Amino acid sequence: MTNDLTIGNPLTLIIKFAIPLLLGNLFLQIYQISDMVIVGRLLGTETLAAVGSSAPIYMVFLMIAFGFTGGLTVVTAQRFGAHDDDGVQYSVFHSLVAALTLSVIMTLGLIFSLKPLLPAEIFDDAYKFMFVLSLSAVMIITFNLLSGFIRALGDSKTPLYFLVFSSLINIVLNFVFINNFKLGVVGSALGTLVANTISVILCYGYMWKRFPLLRLERRFMKFSWQVMRDHLNIAVPMALQFSILSFSILIVQGVCNSFGPSVIAAFAAALRIEQVATQPLMAIGLAMATFSAQNWGASLLSRIRRGAKYAFLISTGLSIFGFILMREVGENMIGIFVNDGNSNILRIGKEYLVISTQFYFFLGLIFVFRNTVQGMGKPIVPFISSLIELSTRIFAAIYLAKVMGYTGIFYASAISWTAAGLFVTAGYFFYINKFGKDTMRWKIGAIKQ
């Protein structure tokens, strides 16, 4: 069912929209964490390190997929907010063309870039894991695009249902493939591939049945470079932004790999835990992306201001809660990933969480204001903030690692969050004070001619 976010109380709308996103992201993290838990307990610490070293590479791909498809569906949400049904149809068609092209590029890119990126000590398992995952690129991008279409129409619940299903089936398949079929680390990647394939099929069938506006009609399958440019003008910077952030994590992982398997395993486990802890912040940000996109399409700038204010207050409260939670239970959660109670891994992982939790407030600024500006169709400031985050994280990781050892790596995210958060917040206030109204450059009548 569609949901018009241009009417009603912004606070209520944002919270209701964010809750399914939060639950969906948590289930996404659950099945990603299940890979590491099952691998770590059934196959040992070295195999866990192999999966952990592969994770940043896979994360780069995921972030490109999330950013690109998210950028495409920003346009869909803007047209829906403007009550332009024909515009929604044209957006769906051009988004599908762009996403299919990206799928082919990403699949080939992943396959041919693995060998130089993986650590030699654990290369075999890491390569097998990533090769199988690369084959799921088409399904992952398609699922994210379909979910993005549904969210663009104001429905954040339906994608949740399919994420829950995908998470549960992925957990079961991982265990069966590793424990029963003895497929080793390949079984974990194969479970992800199968789960995503099933989810895409079911999501498409449900979307076709329940969302008539998303049923692409033949008369709208007319390609226009002007329309495609407007999609790519948002999607490409968002993909670059997300990939830049992931690339910085990949660089940090490379520095981390030089400190041996214990630090690699501890860092990988701590990052997984942090991803769960920061999901509420991400959910609020994603809610603001759709909220601001629909209201920007309807030229309701005052509602964007109100929504951003409420999102900031919620984010601040969540940052404080995450800080307290990770301080209290972070070390116990790291113990889930290892079967031998390795005290060194527990100590190193806890040290990272103690450092990073102090800076969740700045991470919250990034999620709220970056997504708000992106929903307004203004990708430049978010992109520049990503460059700031990239440069500060890499510099901090490389320089501080030389001075402080692996502990220096743990300050890299904290420093980058602070710099990027302050910049993107200033960028939001610049845009919100400058623009009173904006419209799409392309007109439906021009496409039909």
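User: Which backbone oxygen does the side chain of Ser103 reach?

Analyst: The side chain of Ser103 reaches the backbone oxygen of Ala99, at 2.9 Å. This is a predicted model, in which local features need pLDDT of at least 70 and side-chain atom pairs count only at pLDDT 80 or more, while totals for chains, interfaces and linings use all residues. Residues are numbered from 1 along each chain as its sequence is written, and side-chain values use heavy atoms, with hydrogens and water left out.

User: What makes Ser103 count as buried?

Analyst: Buried means under 20% relative accessible area, exposed over 50%, and partly exposed in between (1.4 Å probe, protein chains only). Ser103 has 2% relative accessibility, so Ser103 counts as buried. Ser103 lies in helix α3, residues 85-113; a helix here is a DSSP run of H or I with at least four residues, numbered from the N terminus.

User: With which residues is Ser103 in contact, leaving aside its neighbours within four places in sequence?

Analyst: They are Ala137, Val138 and Ile141, where contact means heavy atoms within 4.5 Å.

User: Why is the aromatic pair of Phe369 and Phe429 called tilted?

Analyst: Rings of Phe, Tyr and Trp (its six-membered ring) pair if their centres lie within 6.5 Å; planes under 30 degrees apart count as stacked, over 60 as edge-to-face and the rest as tilted. Phe369 and Phe429 are 6.1 Å apart centre to centre, with 40° between the planes, so the pair is tilted. Phe369 lies in helix α13 (residues 360-375) and Phe429 in helix α15, so the pair ties together parts that are 60 residues apart in sequence. Both rings belong to a cluster linked by ring pairs, which also includes Phe312, Phe361, Phe362 and Tyr428.

User: How do you know at what angle the axes of α13 and α14 cross?

Analyst: Axes are lines fitted to C-alpha atoms, for helices over the stretch in contact, and angles run from 0 to 180 degrees between N-to-C directions. The axes of α13 and α14 cross at roughly 145° and come within 10 Å. Ile366, Arg370, Val373 and Gln374 of α13 make the contact with Pro382, Ser385, Ser386 and Glu389 of α14.

User: Where is Gly405 found?

Analyst: Gly405 is in the loop between α14 (380-404) and α15 (406-434).

Note on methods:
Helix = DSSP H or I, 4+ residues; strand = E, 2+ residues; numbered from the N terminus. Polar contact = N/O pair within 3.5 Å; in protein donor to acceptor, adjacent residues only side chain to side chain.
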